[in-house]
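Below is a set of questions and answers on one protein chain, to be read beside its sequence and coordinates.

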Amino acid sequence: MDKTQAILKLTQEFLDKMGFGDKIEVTVTLDGDHYSVVLKAENPALLIGYHGNTLTGLQMFVSQHLHKQFDEWINLTIDVNDYKLRREQNLKSLADSTVEQVLSSNQAYILPPMIASERRIIHMYLAEHPQVTTASSGEGRDRSVIISPKV
């Protein structure tokens with residue numbers, strides 16, 4: 001079985017075990033070495049979970065099982081109804097408004113705690129900004145991004 005078919009089958013099996021069964025359309029595409037699993041659902045909130053926790057967990061389970069099956073890590077993302085795209089846009093908007101606050105007050109600003117992938121989006125988005133720098137602070141679930149003026 002090729003990787004695309006394995007990803008499709010495994011994702012569908014997990015969705016079945018989660019009680020979603022045939023209520024979700026699953027497609028898998030390959031771009032270079034990155035596999036994108038796109039889920040289409042009438043009620044995506046249950047699959048996304050609080051702050052994307054359920055979706056992140058599903059992605060982790062599928063990735064771990066694929067690693068065991070193929071004895072290699074597979075570059076994979078799972079998205080439902082474009083949640084991750086919308087979340088990325090919201091994070092960039094949050095970063096933009098925070099940069100405005102930082103520049104007007106000349107004070108560092110701490111964003112709310114975020115998961116690693118969301119912090120990475122902020123760091124990457126502001127990496128080349130000429131007037132601010134970013135850093136992470138805290139531990140575990142309390143880890144946050146700090147946006148500071150460049151000195």
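Q: In what order do the elements of the chain run from the N terminus on?
A: The model is a predicted one, and its chain has five helices and six strands. Read from the N terminus on, these elements follow the order α-β-β-α-α-β-α-β-α-β-β.

Q: Among contacts between residues at least 6 apart in sequence, what percentage join residues at least 24 apart?
A: The C-alpha trace spans about 55 × 35 × 25 Å along its principal axes, and buried residues make up 33% of the 151 residues. Among the contacts between residues at least 6 apart in sequence, the share that joins residues at least 24 apart is 55%.

Q: How far apart do the centres of the positive and negative side chains lie?
A: The chain exposes about 9500 Å², of which carbon and sulfur atoms supply 51%. Its charged side chains comprise 15 positive and 19 negative ones, and the centres of the two sets are separated by 4 Å.

Q: Which elements do the buried residues of H5 pack against?
A: In helix H5, which covers residues 116-126, the buried residues are Glu 118, Arg 119, Ile 122 and Leu 126. They lie on the same side of H5 because the arc they cover around the axis is only 100°. Arg 120 and Met 124, on the other side of H5, are exposed. The buried residues pack against helix H4 (83-105), strand S5 (132-137) and strand S6 (144-149).

Q: Which residues of H4 are buried?
A: Helix H4 has 23 residues, and the distance from its first C-alpha to its last is 33 Å, close to the 33 Å expected at 1.5 Å a residue. Its buried residues are Tyr 83, Leu 91, Ala 95, Thr 98, Val 99 and Val 102.

Q: Leaving aside neighbours within four places in sequence, which residues is Thr 98 in contact with?
A: Thr 98 has its place in helix H4, and with a relative accessible area of 1% this residue is buried. Once neighbours within four places in sequence are left aside, the contacts of Thr 98 are Tyr 109, Leu 111 and Ile 147.

Q: Is Asp 82 buried, partly exposed or exposed?
A: Most residues other than glycine have a negative phi. Asp 82, although not a glycine, has a positive phi of about 60°, and this residue lies in the loop between strand S3 (75-80) and H4. With a relative accessible area of 39%, which falls between the 20% and 50% cut-offs, Asp 82 is partly exposed.

Q: What is the relative accessible area of Asn 106?
A: Asn 106 follows H4 and has a positive phi, near 55°. The residue lies in the loop between H4 and strand S4 (109-110). Asn 106 is exposed, and its relative accessible area is 56%.

Q: What distance separates the C-alpha atoms of Leu 15 and Leu 58?
A: Leu 15 belongs to helix H1, residues 3-17, and counts as buried at 0% relative accessibility. Not counting residues up to four places away in sequence, Leu 15 touches Phe 20, Gly 21, Ile 24, Val 26, Leu 39, Leu 47 and Leu 58. Leu 15 and Leu 58 are 43 residues apart along the chain, and the separation of their C-alpha atoms is 8.6 Å.

Key
Residues numbered from 1 in each chain as written. Predicted model: local features only at pLDDT ≥ 70, side-chain atom pairs only at ≥ 80, totals over all residues. Heavy atoms only, no water. Helix = DSSP H or I, 4+ residues; strand = E, 2+ residues; numbered from the N terminus. Buried < 20%, exposed > 50% of the residue type's maximum accessible area, 1.4 Å probe, protein only. Contact = heavy atoms within 4.5 Å. Areas by Shrake-Rupley, 256 points an atom, 1.4 Å probe, with all protein chains shown as cover. Lys, Arg positive; Asp, Glu negative; His and termini not counted. Charge placed at Lys NZ, Arg CZ, Asp CG, Glu CD. Arc of directions from axis to C-beta. Expected span 1.5 Å × (residues − 1).
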